[in-house]
Amino acid sequence: MNPVMDVIIIGGGPIGLACALEAKRNKLHYLVIEKGTLVNSLYNYPDNMTFFSTSEKLEIGGVPFVSNNIKPTRNESLEYYRRVTVANELKLHLFEEVKTLVKENGHFNIQTTKANYTTRNIIMATGFYDLPFLLNVPGEDLPKVTHYYKDPHFYAFQKVLVVGASNSAVDAALETFRKGADVTMVVREKEIGERVKYWVRPDIVNRITEGSIKAFFNSTVASIHGKTVDINTPEGLVTIDNDWVIAMTGYQPNLAFLERIGVELSDDTIRKPNYNADTHESNIKGIYLAGVICGGMNTHSLFIENSREHAVKIIDNIVSNQGC
């Protein structure tokens, strides 16, 4: 029979690792369970991505993050969090997904794709990068459509449609354009998003203005076909030739899982989970929330830099409740 753990952390991203560091420092019996690879969300970022934040704002557990640049790259962040994990011998199980979670007799029983566990406390640090917002149009399930952009070389000399106007969409449009792709953007709003990185926004605006990158504003994708895409525009339906669709429509946290285990969500469109801001304990005693999932659908309000403190609050409360 497996021993009862003090805390299981669901999610092996930066905030989940920060919680593990605090748990270890307080000599708690803990485990991190991650359904993908280490810092899975960061791994799925574009290969050439540069963070908006400086390296010190991405540090966890007081471990210095030394970067070759003012703003670190995706590859540097993967190296940093891997080194933090190795240096601190953090206990984690990767590629293991939580399937069910039930509270019985004051303990939580967790069943995963690989094993069963019992724990006194749970920290949900699952982020929001696993569930893309779908276009919900015919043809979205075609192999030519992706909601994750990785490497621009793949799209060289191809007709590429980029959907969206956020940082990820703009990066995809500019990078594939510079590798020789014929790029068209479909933007629901009237202009490129104001939150786009300040050193990148003028570049995309200038490329659109000069016609190097075509853009349909106040427009949406109507349907996707093998060699074309239909676009709803203010002037009517437009059909363009197309090889690939990169739908950078954003991502959402797995709030359905929180609901299934009994965590209350607000009734508005934000669907913010119910938790104590001082301890981050949810309405279910023993279940804590950490990181971006605390914001519900408002995923732009929380980042690594302003979520690191969640780990300290949570572990302090667990230790206090257990009388450690």
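Helix H4 (residues 167–178) lies across strands S9 (159–163), S10 and S15 (244–247), and runs at about 165 degrees to S10. Helices (H or I, at least four residues) and strands (E, at least two) are DSSP runs numbered from the N terminus; axes are lines fitted to C-alpha atoms, for helices over the stretch in contact, with angles from 0 to 180 degrees between N-to-C directions. The model is a predicted one, so local features need pLDDT of at least 70 and side-chain atom pairs count only at pLDDT 80 or more, while totals for chains, interfaces and linings use all residues. Residues are numbered from 1 along each chain as its sequence is written, and side-chain values use heavy atoms, leaving out hydrogens and water.

The sheet under discussion is open, with five strands in the order S8-S15-S9-S10-S11 and parallel pairing. At its edges stand S8 (145–146) and S11 (214–216), each with a single partner strand, so one side of each has no neighbour in the sheet. Strands count as paired if DSSP finds at least two bridges between them; S10 (residues 182–186) and S11 pair in the parallel sense over three bridges. Threonine 184 has lysine 214, in S11, as its bridge partner.

Back to H4, which also packs with helix H5 (residues 201–210), at an angle of about 60 degrees and with the axes 10 Å apart. On the H4 side the contact (heavy atoms within 4.5 Å) is made by Val170, Ala173, Leu174, Phe177 and Arg178, and on the H5 side by Asp203, Ile204 and Arg207.

Then there is helix H1 (residues 14–25). H1 is mostly covered, with 10 of its 12 residues buried, where buried means under 20% relative accessible area, exposed over 50% and partly exposed in between (1.4 Å probe, protein chains only). Among the buried ones are Pro14, Cys19 and Glu22. The buried residues of H1 pack against strands S1 (4–10), S2 (30–33) and S6 (116–124), plus helices H2 (40–43), H3 (74–87) and H7 (304–322). After H1 comes lysine 27, with a positive phi near 60 degrees.

Threonine 85 sits in H3 and is buried, at a relative accessible area of 8%. Leaving aside residues up to four places away in sequence, threonine 85 touches Leu17, Leu38, Leu90 and Leu92; Leu17 is also one of the buried residues of H1.
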